[in-house]
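Please look at the sequence and the structure together before reading on.

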Amino acid sequence: MKNKWYDYLWIASALYLSLGFFNILFAWLGLICFATPLLISVITGSKAYCNKYCGRGQLFDLLGKKLKLSRNKSIPQWIRSKWFRYGFLTFFMLMFMLMIFNSVLVFKDVKSLSQAVTLLWTFRIPWHWAHKITEVPAWVSQFAFGFYSVMLTSTILGIITMLLYKPRSWCVYCPMGTMTQLICKVRAGAEK
Amino acid sequence: MAKRIASISGHECVACGCCVKVCPRNAITIRKGIHAVVDSSKCTGCGSCVRECPASVIALSESGVGL
């Protein structure tokens, strides 16, 4: 099968993750990965983003299949259960709102900028070297650190499940995937 | 013996589209972004999608029933 242009979006995903090591402000670009799938599902009522354009999914596919890093085992039933998928989406949204709240506190000068990346919502890793442009408002940098934490954390989770189960196991519990599927369900229900 | 084809557990499907990508006969589509659907007239029961599905919710069964 001939590759299409969008089969190379994994390069964009890999590039995005690398850029965050050099300049944290690149983290803002990650909003594209949030807005695009939502817009596609709301406007067209499809999961075309997951099905075709998701660079992260392609990256896991590459690591798991081409580089043969995946054990290729079935995912445990509880991960694919509805309560876990919706539960993880809820947890993810709460953490996302907390991250925005943190940026607001920095904006209001209640908190000072924390030049760190928090992995798995627990481990604070100093990341000051990537804070290169200091002319922008502190909240802009704070959001970047927070957003990059979200992206890196979910990549780590995705890599772990890629290794343990099938390459694209992340897709099973991906909050964006769950949310877009939910939007499609609501849309299809409304059409009836 | 009845033909064995892929059957998808629709309510457990996450609609990621991994099966669509590997199907050699283009027999699978994602219906309305909700779940994958197999065209039983095209499916040869090769099992590529069964191995691919990250949720492991596809199985081969006689004429697509079951699961």
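The paragraphs that follow go from the interface as a whole to one helix and its salt bridges.

This is a predicted model, in which local features need pLDDT of at least 70 and side-chain atom pairs count only at pLDDT 80 or more, while totals for chains, interfaces and linings use all residues. Residues are numbered from 1 along each chain as its sequence is written, chains are lettered from A and ligands numbered from 1 in the order in which they are written, and side-chain values use heavy atoms, with hydrogens and water left out.

Between the two chains, 26 residues of chain A are in contact with 22 residues of chain B, contact meaning heavy atoms within 4.5 Å. The area buried between chain A and chain B is about 1,900 Å², and carbon and sulfur atoms give 46% of that. Buried area here is the accessible area (1.4 Å probe) that two parts lose on being put together, summed over both. Of the area that chain A buries against chain B, 29% is supplied by A:Asn51, A:Arg80 and A:Lys166, more than any other three residues supply.

Across this interface the rule finds 12 residue pairs in polar contact, with both residues at pLDDT 80 or more. A polar contact is a pair of N or O atoms within 3.5 Å; within protein, one must be able to donate a hydrogen and the other to accept it, and residues adjacent in sequence count only if both atoms are side-chain atoms. On the chain A side, α3 (48-53), α4 (55-66), α5 (77-80), α6 (82-107), α8 (170-173) and α9 (175-191) each supply at least two of the residues that touch chain B. Helices (H or I, at least four residues) and strands (E, at least two) are DSSP runs, numbered from the N terminus. The largest share of this side, 5 residues, comes from α9(A).

Now take α4(A). Of its 12 residues, 9 are buried, among them A:Phe60 and A:Asp61. Buried means under 20% relative accessible area, exposed over 50%, and partly exposed in between (1.4 Å probe, protein chains only). The buried residues of α4(A) pack against α1 (9-22), α3, α7 (138-164) and α8 of chain A, and also against α1 (18-22) and α2 (48-52) of chain B.

How many salt bridges does the rule find over all chains? The count comes to 3, a salt bridge being a side-chain nitrogen of Lys or Arg within 4 Å of a carboxyl oxygen of Asp or Glu. Across the interface of chain A and chain B there are 2.

A:Lys65 counts as partly exposed, at 36% relative accessibility. The side chain of A:Lys65 also meets that of B:Glu52 in a salt bridge (2.8 Å, N to O). A:Lys65 lies in helix α4 of chain A and B:Glu52 in helix α2 of chain B, so this pair joins two chains. B:Glu52 is buried, with a relative accessible area of 16%.

A:Arg80 and B:Glu12 meet through their side chains in a salt bridge (3.2 Å, N to O). This pair crosses from helix α5 of chain A to the loop between β1 (4-8) and α1 of chain B. Both A:Arg80 and B:Glu12 are buried.
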